[in-house]
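Today I open my notebook to look at charged side chains and how they pair up. Come along and check each entry with me.

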Amino acid sequence: MRTLVMGVVNVTPDSFSDGGRWFTPEAGIAHGLELLEQGADMLDVGGESTRPGAIRTTEDEELRRVIPVIRELARSGARVSIDTMRAAVAAQAVEAGASIVNDVSGGLADPDMARVVAAMQVPFVVMHWRGHSATMQSRASYDDVVSDVCRSLTERVTDLCGQGVGRDQLILDPGFGFAKLAEHNWSLLAHLDVVQALGFPVLVGTSRKTFLGRLGVPEGAESRPPAQRDAATAATTVIAGLAGAWAVRVHDVASSVDALRVVEAMEAAR
Ligand code: PMM
């Protein structure tokens, strides 16, 4: 099956790559509709920034940001994912029309998440995570990043299934940029086949991340700004597509849709 494109709708003032641009509900909705027009298969709506160093948003504020956007995008027929670490936000988002829960903590941040996801029976994205954004980069230390991430994800699967979540609900994500240095992100990208071999659908979230912003930039010089990382992101979409990823989570939908057309046309000619 073709790799799907998940378009990012960050309703936050401070997200890592697009913070503040779609902060009002109206702007978030308009942006989501625009991404659908560009060919997004689904939209990932988030109300809490997870950029390195970020301070947590309150639950009330997170709900206030995401619920109106989810309700309207779902009403217009979009497949919507809620990007949250909070069980209460996930529950209300699904009630408002979301049909996927994307938790960057893989159920670790909120002890109620597994129970809520099990009860709602929606697909659940389990990302590799080592703690909240304020401190995560101090935990970017691995013996072998690929096997360490795969082992942690397998432990999450066992724990979640033990709490009643169905194996067929789970989607795994190696967590690019979360407690990872550039070298870790490149290793994971180079070995997506190992993550795929765990036997679950895989989501790849490299879009506009810092390791792409360092490409071609001399040491000591400023990284390129996030909006200038879309060509590199599309290149990683090709890698994800060739590896058979279930979906890529991207800010610039049009370039990744095209990148996947290239993969599809090439695969058809094999
Ligand atoms: N990255 C961000 C936010 N949510 N969810 C998943 N599943 N995977 C990711 O890699 C991921 C995510 C941070 O990126 P943004 O702040 O630019 O949206």
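Is E267 buried, partly exposed or exposed, going by its relative accessibility? I looked it up in this predicted model, and E267 counts as partly exposed, with a relative accessibility of 31%.

Next I checked who E267 pairs with. I found that its side chain meets that of R270 in a salt bridge, at 2.8 Å from N to O. I then looked up R270, which counts as exposed at 70% relative accessibility. My note on the cut-off: exposed means over 50%.

While on salt bridges, I also saw a network: D44, D83 and R249 are joined into one by salt bridges that share partners.

I wondered how many salt bridges the structure holds. I wrote down 14.

A reminder to myself: opposite charges on side chains can pair when the charged atoms come close.

Entry on helix α2: I noted that this helix covers residues 59-75. Here R64 forms a salt bridge with E61, and their closest N and O atoms are 2.8 Å apart. R64 and E61 are three residues apart in the helix, so about one helical turn separates them. I also looked up E61, which is partly exposed at 21% relative accessibility.

Entry on helix α5: I noted residues 145-162 for this one. R151 and D148 both lie in it, three residues apart, about one turn of the helix. Their side chains meet in a salt bridge of 3.5 Å, N to O. Is D148 buried or exposed? I found D148 buried, with a relative accessible area of 10%, whereas R151 is partly exposed at 47%.

Technical notes. Residues numbered from 1 in each chain as written. Predicted model: local features only at pLDDT ≥ 70, side-chain atom pairs only at ≥ 80, totals over all residues. Heavy atoms only, no water. Salt bridge = Lys/Arg side-chain N within 4 Å of Asp/Glu carboxyl O. Helix = DSSP H or I, 4+ residues; strand = E, 2+ residues; numbered from the N terminus. Buried < 20%, exposed > 50% of the residue type's maximum accessible area, 1.4 Å probe, protein only.
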